[in-house]
Amino acid sequence: LRCKPLLIFKGKPGKGDSRRKAEHLKYHPGVVVIFNEKAWANTSNLLDWVKNQYSMASAYPLRDNEPRFLALDSFAPHKNKGKKQQKSESEAVKRHRLIEEKLQQELRDTFTNLKVTLSLIPGGCTAYVQVLDVLINKLIKGYIEEYEDLWIEENFEVWQSGKWSVGDRRILLTHWVAQAFERVHLEHKDAIIACFKSVGLSLAVDGTEDHLLKVRDCLDLTIGDWKQVVDGTD
């Protein structure tokens with residue numbers, strides 16, 4: 001629970017006008033909300049998340065400079081990889097590329113300063129070894145749906161009339177997500193810990209927990225002796 005859920009809504013980046021500021025005051029404090037024009041993750045909001053959330057998300061204070069391990073899906077912002085440079089490009093495209101490259105370098109520097117070791121999940125493997133996809137996302141979505149159904153039941157006339165704004169829906173979603181996120185961590189703590197082990201992300205380094213590795217659809221996994229691999233004898 002050290003990092004809050006991050007919600008990305010479609011809209012002009014920044015704090016916006018007075019109406020959005022008033023809306024923001026109604027968001028649940030247990031989530032972080034940002035806006036961008038395409039409502040998807042990019043290098044800029046990843047960097048912001050690392051600096052303002054992930055950097056503080058440790059049992060150790062920053063001054064201890066403890067090493068970290070972070071598993072990320074394999075897509076451009078996470079891989080610190082932007083679009084390939086074209087042979088010819090307009091000034092606008094060039095300006096955008098240079099800004100992106102600067103952000104990517106800042107992200108690399110930030111990870112280095114935090115002593116982060118990145119584990120990029122290969123394409124096509126997310127459903128098998130990404131803890132969010134294997135377990136957590138389904139639980140959270142189920143609870144959000146439960147809260148939504150309850151709200152509709154209690155506010156059926158409002159829902160049926162459609163007389164509630166997009167802003168109202170965003171506000172409601174922040175509350176549903178925050179409640180679902182907290183509930184998942186309280187009610188499924190042991191399952192989350194077990195899931196990290198089953199996909200191989202938090203097994204004991206001495207090999208004593210290797211038997212806990214259970215990847216979906218991979219029933220005949222053969223686990224070797226990591227010591228021999230390290231020593232170069234296997």
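Me: Which helix gives the most to the lining of the largest pocket?
Reply: That's α6, with eight residues. Helices here are DSSP runs of H or I, at least four residues, strands are runs of E, at least two, and both are numbered from the N terminus. This is a predicted model, where local features need pLDDT of at least 70, side-chain atom pairs count only at pLDDT 80 or more, and totals for chains, interfaces and linings use all residues. Residues are numbered from 1 along each chain, and side-chain values use heavy atoms, with hydrogens and water left out.

Me: What makes a residue part of the lining of a pocket?
Reply: An atom within 4 Å of a pocket point; the pocket itself is an open set on a 1 Å grid over the protein atoms alone, where a 1.4 Å probe fits, with protein on both sides within 12 Å along at least five of seven lines. The largest pocket holds about 2200 Å³ of space. Its lining has 50 residues, and the closest to the centre are C3, W49, L70, L132 and F196.

Me: How do the residues of that lining divide into nonpolar, polar and charged?
Reply: Into 33 nonpolar, eight polar and nine charged. Asp, Glu, Lys and Arg count as charged, Ala, Val, Leu, Ile, Met, Phe, Trp, Tyr, Cys and Pro as nonpolar, and the others, Gly among them, as polar.

Me: What percentage of the protein counts as buried?
Reply: 29% of its 234 residues, so each of those has under 20% relative accessible area (1.4 Å probe, protein chains only).

Technical notes: Points joined across faces, edges and corners; volume = space filled by probe spheres on them. Buried < 20%, exposed > 50% of the residue type's maximum accessible area, 1.4 Å probe, protein only.
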